[in-house]
Amino acid sequence: MNFAAPSLGSVGGRSAARAFEFGRTYVVRPKGKHQATIVWLHGLGDNGSSWSQLLETLPLPNIKWICPTAPTRPMSVFGGFPSTAWFDVEELSEDAPDDLEGLDASAAHVANLLSTEPADIKLGVGGFSMGAATALYSASCFTAGKYGNGNAYPANISAVVGLSGWLPCSKTLSDKLQGVDEATRRAQSFPILMCHGKGDDVVPYKFGEKSSKCLSSNGFQDVTFKAYNGLGHYTIPEETDHVCAWLTSKLGLEGNAA
């Protein structure tokens, strides 16, 4: 077991109090005509490889999947024990403080991964658990046009998927969107899919459901929240089938056309 702290390299030329070194990125190339690119974010303690293997099996030939690996960082929820994570978490509850710096760094990493995609390709972000939380945070940054620290958010994303996750910074979402002319218009039309198992013992179902309601009450009019009876903190074929159908519809994918 490696207890060494993550190495502190420079982060995209920005000065940061903490620097984050992201792990390996895995790419699944489209089997048909490339129409969309989605960055997919793994859960706590995982890496990009496991999700890339699952995503490769989905019947979505028009999507290029980019599966990065989170930095290894000391996690407060584990008493400082290091784990791959997109941001720090003290506890999984609505009242826990949000690691804004970590969230911004991961959202910026995602935007950077999407920055070299061709202009005619639709862009999306998705994830599982903590990865879903980062994806939903990215949706709030896109809608507000800025990160939590006020810097401009550069990626033009078209859809977000969150499985077994939650919305970070939900209490300050209305403040973030207020006074931004474009935010209301973006929120109204931005599609978000959230899926959650009712038997989830890691990220409680109610936490996911409340996050969905928070988005809806802040002007997001295209939020789909799908509940699965008996599903714990994992994914099942019924859920991935729903994700495939939703992405095909929302991104206007051609299906098997070469």
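The following legends describe close-up views of a predicted model. Residues are numbered from 1 along each chain as its sequence is written. In this predicted model, local features need pLDDT of at least 70 and side-chain atom pairs count only at pLDDT 80 or more, while totals for chains, interfaces and linings use all residues; side-chain values use heavy atoms, with hydrogens and water left out.

**View A. The annotated domain, residues 26-244.** An unreviewed UniProt entry places the feature "domain: Phospholipase/carboxylesterase/thioesterase" at these residues; such annotations may be inferred rather than shown by experiment. The chain over residues 26-244 is 33% helix and 23% strand, where helices (H or I, at least four residues) and strands (E, at least two) are DSSP runs numbered from the N terminus.

**View B. Ser93 in its loop.** The loop that holds Ser93 lies between strand S5 (81-84) and helix H2 (100-114). Ser93 counts as partly exposed because its relative accessibility is 22%; buried means under 20% relative accessible area, exposed over 50%, and partly exposed in between (1.4 Å probe, protein chains only). Although Phe207 is 114 residues from Ser93 in sequence, their C-alpha atoms are 7.4 Å apart in space.

**View C. Cysteines Cys214 and Cys244.** A disulfide is a covalent bond between the sulfur atoms of two cysteines, identified here as a pair of cysteine sulfur atoms within 2.5 Å. The whole structure contains zero disulfides. For Cys214, the nearest cysteine sulfur belongs to Cys169 and is 10 Å away; for Cys244, the nearest is that of Cys195, 11 Å away. Cys214 is buried because its relative accessible area is 14%, and Cys244 counts as buried at 7% relative accessibility.
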